[in-house]
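My notes follow the structure.

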Amino acid sequence: MSRVQRDERKKQQLPSRPRMDDVGYTADEVKRHATVDDGWIVINDRVYDISNFIKHHPGWTHGGQTSTILAIQRNLGKECSEEFAEIHNKNAWRQLDGYMIGYLWARPASELEEAPPELPQAIACT
């Protein structure tokens, strides 16, 4: 039987906004959120705002977790599915879900600015 680990995040590390799963972001939009104060990551085509988590991470004050801070910083504004999967347990995956703010939209931003093409008129069958 597997036991769920206790959530050891500080209150300040919790998500700053409600979980959302109905918003699409382009990779260009995600790239603009690559700082500790405004940090997003992409994992399995889902976008997460982990700003509070990274700003208040114990690695800033506990030397033994400095490498964790560096790894998170290196991945801000980027897709990091493989690295996240390699080093995190089920508990971290459960916690991550609360930081979700939408999905990665695969279309480039330049296409989003164009008007959608007109659909052909329906052909009447007689």
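The entries below cover the ground rules, then the helix, then the charged pairs.

**Ground rules.** I am working from a predicted model, in which local features need pLDDT of at least 70, side-chain atom pairs count only at pLDDT 80 or more, and totals for chains, interfaces and linings use all residues. Residues are numbered from 1 along each chain as its sequence is written, and side-chain values use heavy atoms, with hydrogens and water left out.

**Entry 1: helix H5.** I took helices (H or I, at least four residues) and strands (E, at least two) as DSSP runs, numbered from the N terminus. H5 spans residues 90-97. Which residues of H5 are buried? I used under 20% relative accessible area for buried, over 50% for exposed and partly exposed in between (1.4 Å probe, protein chains only). Asn 91, Ala 92, Gln 95 and Leu 96 are the buried ones. They lie on the same side of H5, because they cover an arc of only 140° around the axis; the arc is taken from the directions from the helix axis to the C-beta atoms. An α-helix has 3.6 residues a turn, so residues three or four places apart point the same way.

The partners are strands E3 (38-43), E4 (46-49) and E6 (100-104), together with helix H4 (81-87).

At the start of H5, I found a side-chain oxygen of Asn 89 within 3.0 Å of the backbone nitrogen of Asn 91.

**Entry 2: salt bridges.** I counted a salt bridge where a side-chain nitrogen of Lys or Arg is within 4 Å of a carboxyl oxygen of Asp or Glu. How many does the whole structure hold? The search finds 4.

Arg 17 and Asp 49 form one of them, at 3.2 Å from N to O. Arg 17 is in the segment before strand E1 (24-25) and Asp 49 is in strand E4, so this pair ties together parts 32 residues apart in sequence. Arg 17 is partly exposed at 31% relative accessible area, whereas Asp 49 is buried at 10%.

Arg 74 and Glu 83 form another, at 2.5 Å from N to O. Both ends are partly exposed: Arg 74 has a relative accessible area of 44% and Glu 83 has 27%.

Arg 19 and Asp 21 also pair, at 3.3 Å from N to O. Arg 19 is partly exposed at 38%, and Asp 21 is partly exposed at 41%. I noted that salt bridges link Arg 19, Asp 21 and Asp 97 in a network.

Definitions and conventions. Contact = heavy atoms within 4.5 Å. Polar contact = N/O pair within 3.5 Å; in protein donor to acceptor, adjacent residues only side chain to side chain.
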